[in-house]
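Hello,

Here is the structure I said I would pass on. Please open it first, then read the notes below it.

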Amino acid sequence: MMTASRTVLRLQGVRHAYQEVDRKLEILKGADFELKAGEMVALVAPSGAGKSTLLHLAGLLERPEGGEIYISGKACGTLSDGERTARRRNDIGFVYQFHHLLPEFSALENVMIPQMIRGLSKSVAAERARQLLDYLRVGPRADHRPAELSGGEQQRVAIARAVANAPLVLLADEPTGNLDPETSGYVFEALSALARQSGLASLVATHNHALAERMDRVVTLEDGLIVPWSA
Ligand code: ADP
Ligand code: MG
């Protein structure tokens with residue numbers, strides 16, 4: 001690419017701690033991080049290191065104790081809760097280890113709902129949902145409820161839902177952590193094809209080193225900071 005990609009997510013000096021009964025558990029101690037448009041970054045760190053905390057802060061689900069989070073260059077610390085909700089809805093897609101799909105709705109409806117909350121018509125939302133499910137090769141399962149889908153299918157529907165509103169950033173918290181190796185492989189393929197095709201930036205927490213190595217960059221958490229992974 002000729003021009004430098006723009007930064008879509010930036011963490012600057014992010015600090016976060018949890019108050020335990022007798023002590024403060026400092027998880028992030030001034031973490032800096034930058035994610036560019038189209039970039040796929042793996043976050044690999046031991047359990048308890050703070051991966052989920054980091055993703056929740058980056059996804060504006062929690063507010064950091066200190067430092068700042070910028071989405072598309074805009075500082076999020078001073079935004080109201082309502083503005084943060086709007087940013088989450090429009091700019092950020094989140095995928096969890098467990099799919100968190102709404103059990104009483106079909107796969108298609110699960111992908112339509114965030115679009116309709118955003119204000120799109122039912123027919124436009126349905127059309128985009130079908131396209132995404134087809135792209136992720138779960139189109140034939142579109143009318144089934146989550147309980148009728150396999151783990152790999154559930155995660156692909158969850159990915160479709162996360163990107164339904166064409167976010168700038170996809171945050172995924174061990175999205176294949178619950179799947180067997182083969183299923184993990186094709187769910188990851190689906191995720192990366194989608195990211196490559198749409199220019200989406202993604203930060204993916206994973207324990208799977210083979211998958212991490214296939215991303216553009218691998219980072220880890222070390223003493224509360226985000227640092228390049230060195231094997
Ligand atoms: P990871 O996702 O890397 O396993 P987490 O971000 O979930 O790590 O947790 C980091 C640490 O913070 C862990 O020691 C965890 O027990 C602690 N922790 C996470 N959430 C809370 C919370 N809401 N209250 C207190 N401690 C928490
Ligand atoms: Mg976690």
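Glu26 sits in strand E2, which covers residues 24-36. Keep in mind that this is a predicted model. Glu26 and Gly224 are 198 residues apart in sequence, yet their C-alpha atoms are 7.4 Å apart in space. Leaving out neighbours within four places in sequence, Glu26 is in contact with His16 and Ala17.

Next, the ligand. The residues surrounding ligand 1 are Tyr18, Leu25, Ile27, Pro46, Ser47, Gly48, Ala49, Gly50, Lys51, Ser52 and Thr53.

- Gly50: a polar backbone atom is 3.0 Å from an oxygen atom of ligand 1.
- Ser52: a polar side-chain atom lies 2.9 Å from an oxygen atom of ligand 1.
- Thr53: a polar side-chain atom lies 2.5 Å from an oxygen atom of ligand 1.

Last, a pair of helices. The axes of H3 (residues 107-118) and H4 (residues 122-135) come within 8 Å and cross at roughly 130°. Because of that angle, H3 counts as oblique to H4. The crossing of H3 past H4 is right-handed. On the H3 side, the contact is made by Ala107, Leu108, Val111, Met112, Gln115 and Met116. On the H4 side, the residues include Lys122, Val124, Arg128, Leu132 and Leu133. What classes of residue make up the contact of H3 with H4? There are 11 nonpolar residues, one polar and three charged.

Regards

Notes: Residues are numbered from 1 along each chain as its sequence is written. Chains are lettered from A and ligands numbered from 1 in the order in which they are written. This is a predicted model: local features need pLDDT of at least 70, side-chain atom pairs count only at pLDDT 80 or more; totals for chains, interfaces and linings use all residues. Side-chain values use heavy atoms; hydrogens and water are left out. Axes are lines fitted to C-alpha atoms, for helices over the stretch in contact, and angles run from 0 to 180 degrees between N-to-C directions. Helices (H or I, at least four residues) and strands (E, at least two) are DSSP runs, numbered from the N terminus. Angles under 35 degrees count as roughly parallel, over 145 as roughly antiparallel, 65 to 115 as roughly perpendicular and the rest as oblique. A crossing is left-handed if the near helix is turned anticlockwise from the far one by less than a right angle, and right-handed if clockwise. Contact means heavy atoms within 4.5 Å. Ala, Val, Leu, Ile, Met, Phe, Trp, Tyr, Cys and Pro count as nonpolar, Asp, Glu, Lys and Arg as charged, and the others, Gly among them, as polar. A residue is near a molecule or strand if one of its heavy atoms lies within 4 Å of it. A polar contact is a pair of N or O atoms within 3.5 Å; within protein, one must be able to donate a hydrogen and the other to accept it, and residues adjacent in sequence count only if both atoms are side-chain atoms.
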